[in-house]
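Please open the model in a viewer and keep the selection tool at hand.

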Amino acid sequence: MTVITEKNTYLNFINGEWVKSQSGDMIKSKNPADVNDIVGYVQNSTADDVDRAVAAAHEAKTGWRKLTGAERGQLLYKTADIMEQRLEDIAACATREMGKTLPEAKGETARGIAILRYYAGEGMRKTGDVIPSTDKDALMFTTRVPLGVVGVISPWNFPVAIPIWKMAPALVYGNTVVIKPATETAVTCAKIIACFEEAGLPAGVINLVTGQGSVVGQGIAEHDGVNAITFTGSNQVGKIIGQAALARGAKYQLEMGGKNPVIIADDADLEAAAEAVVTGAFRSTGQKCTATSRVIVQSGIYDRFKEKLVQRTKEITIGDSLNENVWMGPIASKNQLDNCLSYIEKGKQEGASLLIGGEKLEDGKYQNGYYVQPAIFDNVTSDMAIAQEEIFGPVIALLKVDTMEEALDLANDVKFGLSASIFTQNIGRMLSFIDEIEAGLVRVNAESAGVELQAPFGGMKQSSSHSREQGEAAKDFFTAIKTVFVKQ
Ligand SMILES: NC(=O)C1=CN([C@@H]2O[C@H](COP(=O)(O)OP(=O)(O)OC[C@H]3O[C@@H](n4cnc5c(N)ncnc54)[C@H](OP(=O)(O)O)[C@@H]3O)[C@@H](O)[C@H]2O)C=CC1
Ligand SMILES: O=C(O)CCC(=O)C(=O)O
């Protein structure tokens with residue numbers, strides 16, 4: 001394994017080899033808890049590097065698809081075993097690159113390993129159905145074939161789980177892969193690719209090209225040799241990728257933003273609800289597309305709930321995420337911090353009241369990092385930017401309602417529809433919520449974040465391209481169906 005060379009430099013992985021970019025340039029990956037801590041240098045790749053990776057993936061695709069699913073699955077099992085031995089190293093790297101706490105990064109890495117094993121098993125599962133024909137002398141059935149070369153463009157907020165939940169199904173169903181990870185977390189991705197390499201995937205089956213989104217990401221999206229693109233990230237970039245893929249007839253899948261509501265009904269267990277709102281909103285420093293950002297509370301319990309929420313938020317310890325006493329780490333980058341602070345300012349200007357937090361932390365142990373206190377806004381109305389736009393930081397907007405009908409209307413009053421939750425003991429309220437809420441993930445008496453790898457994941461409205469990832473749903477994206485009619 002030569003993933004890392006001198007001076008903490010990480011290379012691209014193309015056609016089974018670790019290689020420098022044609023550009024000769026590199027990009028620094030910094031620790032957001034302390035920007036003087038350099039995690040590594042990654043390649044600042046060019047369109048030529050993308051061409052070479054796509055060519056390698058093309059060259060490898062026939063051999064790879066001709067293996068049996070079970071053979072491809074065995075290689076994923078082996079990758080999982082190697083990753084398990086490196087769990088501590090990969091998790092610590094993810095923490096240093098993007099700032100989530102070490103227990104969260106370890107949990108995510110363990111989840112990545114479980115995803116690899118889940119899709120390894122898919123290699124042995126059915127790929128079609130027999131469908132009765134109207135012709136008694138015919139056999140009709142479906143089978144599935146890979147799409148070819150899949151481009152993976154992944155974000156920084158789940159640097160282990162997201163690349164794996166895209167690459168593992170792509171590979172097991174017989175596709176080859178070119179991945180461009182988020183620049184903030186490209187070192188973590190190189191460490192994951194090294195596990196695939198050591199498991200013995202044939203040259204060209206998996207290729208890593210790091211670099212700028214506008215060059216490498218866009219280069220993949222527009223490349224005629226890439227048959228399908230799977231993306232997670234912002235709505236703005238998702239739309240660019242979707243348009244590029246559509247223009248050349250490639251298949252695409254986009255998972256984008258959220259503005260996820262939690263409704264607290266007047267019969268809710270307030271203790272459990274406050275805990276779930278705090279973890280849903282502030283874990284990973286609020287940087288999950290499933291994070292809680294709007295909390296819609298019935299007026300009868302509004303003040304009691306608010307008090308519990310503020311009290312629980314005061315207990316949060318903030319600091320370097322490698323420190324085991326820290327509950328919430330820094331924000332992942334300066335851009336993200338500035339974006340979050342600008343929304344907090346906007347919230348104040350729009351007339352919402354800041355109940356707690358929202359200050360940038362810059363003294364003493366915080367001076368070299370991107371830290372902000374978790375913030376809760378009161379007196380928020382649904383038309384405010386903090387109630388409509390994805391902040392991707394530790395900010396909660398509290399909205400007061402009298403009735404459940406009003407609560408549902410407000411919950412649906414955004415362009416997003418990823419995740420939504422309700423806290424109630426009343427079965428009628430639960431059922432109305434399940435039926436009427438516009439969200440791909442519907443949660444009852446549980447926080448808005450939290451995804452199970454064996455279940456479909458994705459959103460409604462502008463949160464996704466209306467496809468689903470993970471679980472069996474991945475098969476629909478990463479394969480094409482053939483309907484076969486055989487006559488005697
Ligand atoms: N749904 C989710 O889970 C996520 C949502 N977001 C949302 O996006 C906002 C901005 O975060 P950001 O990291 O800038 O998200 P982006 O959408 O810019 O980044 C996601 C991925 O797309 C790449 N990319 C950037 N520009 C292009 C392009 N023109 N063509 C192809 N690929 C491109 C990025 O590369 P590079 O890293 O090199 O720029 C990265 O790999 C956040 O505040 C949040 O609201 C962000 C991350 C995850
Ligand atoms: O909540 C999760 O576990 C996954 C969330 C996610 O996919 C994201 O934030 O991009």
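Which residue does the UniProt annotation "active site" cover? The annotation, from an unreviewed entry, covers Glu255; UniProt annotations may be inferred rather than shown by experiment. The model is predicted, so local features need pLDDT of at least 70 and side-chain atom pairs count only at pLDDT 80 or more. Residues are numbered from 1 along each chain as its sequence is written, and side-chain values use heavy atoms, without hydrogens and water.

**First selection: Glu255.** Glutamate 255 lies in strand β12, residues 251-255 (strands are DSSP runs of E, at least two residues; helices are runs of H or I, at least four). With a relative accessible area of 2%, glutamate 255 is buried, a term that means under 20% with a 1.4 Å probe, protein chains only. Next, display the contacts of glutamate 255 beyond four places in sequence, which include Phe231, Phe457, Ser467 and Glu469; contact means heavy atoms within 4.5 Å.

Select residues 87-98 for α3 and residues 102-122 for α4; the two pack at an angle of about 125 degrees, with their axes 8 Å apart. Among the residues making the contact are Leu87 and Ile90 of α3 and Leu102 and Ile113 of α4. The contact residues divide into 9 nonpolar, 2 polar and 2 charged.

UniProt, in an unreviewed entry, places the feature "domain: Aldehyde dehydrogenase" here, at residues 18-484. This span is 41% helix and 21% strand, and its end C-alpha atoms lie 42 Å apart.

Key:
Chains are lettered from A and ligands numbered from 1 in the order in which they are written. Axes are lines fitted to C-alpha atoms, for helices over the stretch in contact, and angles run from 0 to 180 degrees between N-to-C directions. Ala, Val, Leu, Ile, Met, Phe, Trp, Tyr, Cys and Pro count as nonpolar, Asp, Glu, Lys and Arg as charged, and the others, Gly among them, as polar. Buried means under 20% relative accessible area, exposed over 50%, partly exposed in between (1.4 Å probe, protein chains only).
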